[in-house]
Amino acid sequence: MRLVIEIDGGVHGRDDVVLRDHLRQTETRALGWTVVRFTNDTALGEPWRIDDGIRDRARMLGLL
């Protein structure tokens, strides 16, 4: 299992971008990757939440 971290800006709320993100994430999962998404606001304002989120997901996947 592999882990991908994605930081999304405000544009990711647009319908066309949501669709592209969904399609890309579906393809990525099919290749054996797990995608964890965070917003720019979280990355810039609460970066420790990203660290916690990555660790939590890695534990769930048995990577830690």
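Predicted model: local features only at pLDDT ≥ 70, side-chain atom pairs only at ≥ 80, totals over all residues.
Arg 14 forms a salt bridge with Asp 16, and their closest N and O atoms are 2.7 Å apart; by salt bridge I mean a side-chain nitrogen of Lys or Arg within 4 Å of a carboxyl oxygen of Asp or Glu. Asp 16, at 38% relative accessibility, is likewise partly exposed.

Residues are numbered from 1 along each chain as its sequence is written, and side-chain values use heavy atoms, with hydrogens and water left out.

Now the chain as a whole. Its secondary structure comprises 3 helices and 2 strands, in the order β-α-β-α-α from the N terminus; helices (H or I, at least four residues) and strands (E, at least two) are DSSP runs, numbered from the N terminus. The C-alpha trace spans about 35 × 30 × 10 Å along its principal axes, and of the 64 residues 20% count as buried. The accessible surface comes to about 4,700 Å², with 54% of it belonging to carbon and sulfur atoms, by the Shrake-Rupley method with a 1.4 Å probe, where for residues only the protein chains shown count as cover. If we take contacts as heavy atoms within 4.5 Å, then among those with a separation of 6 or more, 61% are between residues 24 or more positions apart.

Turning to charge, the chain carries 10 positive and 11 negative side chains, and the centres of the two sets lie 5 Å apart. Here Lys and Arg count as positive and Asp and Glu as negative, with His and the chain ends not counted, and each charge is placed at NZ of Lys, CZ of Arg, CG of Asp or CD of Glu.

How many salt bridges does the structure hold? There are 9 salt bridges, and one that deserves a look is the pair of Arg 37 and Glu 6, whose side chains meet at 3.2 Å, N to O. This pair links distant parts of the chain, since Arg 37 belongs to strand 2 (residues 33-39) and Glu 6 to strand 1 (residues 2-8), 31 residues apart. As for cover, Arg 37 is partly exposed at 27% relative accessibility, whereas Glu 6 is buried, with a relative accessible area of 15%.

A second pair, Asp 21 and Arg 24, forms a salt bridge at 2.8 Å, N to O, and both residues lie in helix 1 (residues 15-30), 3 residues apart, about one turn of the helix. Is Asp 21 buried or exposed? Asp 21 is buried, with a relative accessible area of 6%, while Arg 24 is partly exposed at 37%.

Which residues does Asp 21 contact, leaving aside its neighbours within four places in sequence? They are Glu 6, Asp 8, His 12 and Arg 37. To bring these pieces together, Glu 6, Asp 8, Asp 21, Arg 24 and Arg 37 are linked in a network of salt bridges, and that is the part of the model I would like us to look at on the screen.

Conventions:
Buried < 20%, exposed > 50% of the residue type's maximum accessible area, 1.4 Å probe, protein only.
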